[in-house]
Amino acid sequence: MSLNTTIPTLEGDAQFGAYVARPEGSPRAAIIVIQEIFGVNPGIRQKCDKLAAAGYLAVAPDLFWRLEPGFETDPDVPDQFARAIAMMGEFDQDAGIRDIEATIHHIRRTLGVAKVGCVGYCLGGRLAFMTAARTDIDASVGYYGVGIDGLLGEKHAIAHPVMLHIPTADGFVPRETQAAMHAGLDDHPKVTLHDYEGLDHGFATEHGQRRHEEAAQLADARTAAFFAEHLG
């Protein structure tokens, strides 16, 4: 099953689906897994399952639910990739952040887990940065987040630790954007940036042609250590 629970919106006027993976025993903390433009697809669900195996409660909200509930695509199939690009163009990112905030509230108030982090990929990497600036999330990680240079005006609001993974040959994040991220964030006391020389967007995906095994393992190890330090 791709989505196995529902979460109420902040306004309480609707609910949206999510995939939840639970650890054995009490969770050490919770981590929200923020989707790429491809939806809560098998790769995102596998990210959740791996986090649950490491002792975390993992929750991947369906952020495209207002457009098409349960949307998921395969990035290695050209027409499905194009469909995902179109979906991103229609997506209301501010509404998405409200849904992530609703997920934080649901985890803390309903599921009873106080410490909550997030990790996002692609669009989700951008949303992870926005979540760090706009909510009280305890720790945030973004992989190959797009357009973060345009969000640097919000960096003053980041109160909890953030880690960003930046492949230097990212076809969706030009060198100029990467340089702006470093110029704006290298001296921020809460933000850590890691560059991955010569790698492209999507290198840490669980499935498909984009994955670079060695770099994915390195980035995921850094993420695991980051969450262990800041979430438990």
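Mentor: Let's go through a strand and then some aromatic rings. One caution: this is a predicted model, where local features need pLDDT of at least 70, side-chain atom pairs count only at pLDDT 80 or more, and totals for chains, interfaces and linings use all residues. Residues are numbered from 1 along each chain as its sequence is written, and side-chain values use heavy atoms, with hydrogens and water left out.

Trainee: What makes β3 and β4 a pair?

Mentor: Two strands pair if DSSP finds at least two bridges between them. β3 and β4 (residues 57-61) have 3 bridges and run parallel, with Ala 58 as the partner of Ile 31. β3 also pairs with β5 (residues 116-121), in the parallel sense over 5 bridges; there, Ile 31 stands opposite Gly 117.

Trainee: How do you know that Tyr 121 is buried or exposed?

Mentor: Tyr 121 has 5% relative accessibility, so it counts as buried. Tyr 144, at 1%, counts as buried too.

Trainee: Why is the pair of Tyr 144 and Phe 203 called edge-to-face?

Mentor: Rings of Phe, Tyr and Trp (its six-membered ring) pair if their centres lie within 6.5 Å; planes under 30 degrees apart count as stacked, over 60 as edge-to-face and the rest as tilted. Here the centres are 5.5 Å apart and the planes are at 65°, so edge-to-face it is. The two residues are 59 apart in the chain, with Tyr 144 in the loop between β6 and β7 and Phe 203 in the loop between β8 and α6.

Trainee: What makes Lys 47 sit over the ring of Tyr 143?

Mentor: The rule asks for NZ of Lys or CZ of Arg within 6 Å of the ring centre and within 35 degrees of the ring normal. The charged end of Lys 47 is 5.9 Å from the centre of the Tyr 143 ring and counts as sitting over it. Tyr 143 also belongs to a cluster linked by ring pairs, together with Tyr 121, Tyr 144, Tyr 196 and Phe 203.

Methods: Helices (H or I, at least four residues) and strands (E, at least two) are DSSP runs, numbered from the N terminus. Buried means under 20% relative accessible area, exposed over 50%, partly exposed in between (1.4 Å probe, protein chains only).
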